[in-house]
Amino acid sequence: MKIACGCYHSVILSENHEVFTFGRGNHGQLGHGNIFESRIPKQVAGLRDKKVTKIAAGFYHTVVLVDQSSAKVPGSLTAAMEKLFKSSLRADAKFVVEGKELLAHRCVLYARARELDEFVGGKEKGIVGSYCVEETKGMVKAEIEGISFEAMQRFLCFLYTDSIEDKTQAKPLNAKQLIELMHLADKFKVEKLKRIAEYHAKKSLSTESIASALKTACEYQNHTFKSQCIDFIMKHFGEVIGTPAFSELPSEILKEVLVAASMIGVTVQDNQAT
């Protein structure tokens, strides 16, 4: 247990990462959504599903540090949703990606990605673009092509847990898979996921991965991330053009990159961009 004392209020952090506050609340420093005082410790409801690791109390404020990467607090809604994501109990939707199955619950799809639920439950069956939908004995099945299993798995994971962190997967998604995740988020209008995937995709770019990322961005017509890839290449031009993956890019993409380089005066001298 940890305790932090402000001027007129105190904060307690339990061993289970629960936060309790008491004392004066005239400036909202207790975190209970009001300005009332509390003579006994009261749990901060807004932090129930968070793993708080540190606390601090000031004159009229309270600060907490939340661990976003670690496992969620047992018993929280997030932990329960994560457990449901991994369970086949009462699942009524099946996605087949790269020959492997992913189960889901349509009530979750309806609540988190209405367009996806409407898609798998649509009246029109058969091939829809790169997606094939059919229904058998109450189980909706959708065969999805052009998307990696890892990207689809993280997409569903986010719908359940609001996070793309899947502890059953040892490796993080690479830039190509993150762009696929952006494509899914854009197609089914999950804006928060789209922003998260774009952030991680940009962080994952390297001189070795940039060519694959650029090619994937072009394939999915992701013009925003395509521009970010080209900007990255301009900054690391000398290193990128020497990679085998860059030379293997389709001619139309190579031409676009070289035109962009010529427009801003990027040249190569002694294997370095200037």
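I began with the β7/β8 hairpin, where two residues lie between the strands. Glu98 in the turn has a positive phi of about 55°. I am working on a predicted model, where local features need pLDDT of at least 70, side-chain atom pairs count only at pLDDT 80 or more, and totals for chains, interfaces and linings use all residues. Residues are numbered from 1 along each chain as its sequence is written, and side-chain values use heavy atoms, with hydrogens and water left out.

I looked up the pairing next. β7 (residues 93-97) and β8 (residues 100-104) run antiparallel and are joined by five bridges. Strands are DSSP runs of E, at least two residues; helices are runs of H or I, at least four residues. Two strands pair if DSSP finds at least two bridges between them. Phe95 has Leu102 in β8 as its bridge partner.

Then I turned to α4 (residues 149-161). I find 12 of its 13 residues buried, so the helix is largely enclosed by the rest of the structure. Buried means under 20% relative accessible area, exposed over 50%, partly exposed in between (1.4 Å probe, protein chains only). Among the buried residues are Phe149, Arg154, Cys157 and Tyr160. Just after α4, Asp162 takes a positive phi of about 65°.

Last, I looked at Phe59. Phe59 sits in the loop between β5 (52-57) and β6 (62-66). Phe59 is partly exposed, at 47% relative accessible area.
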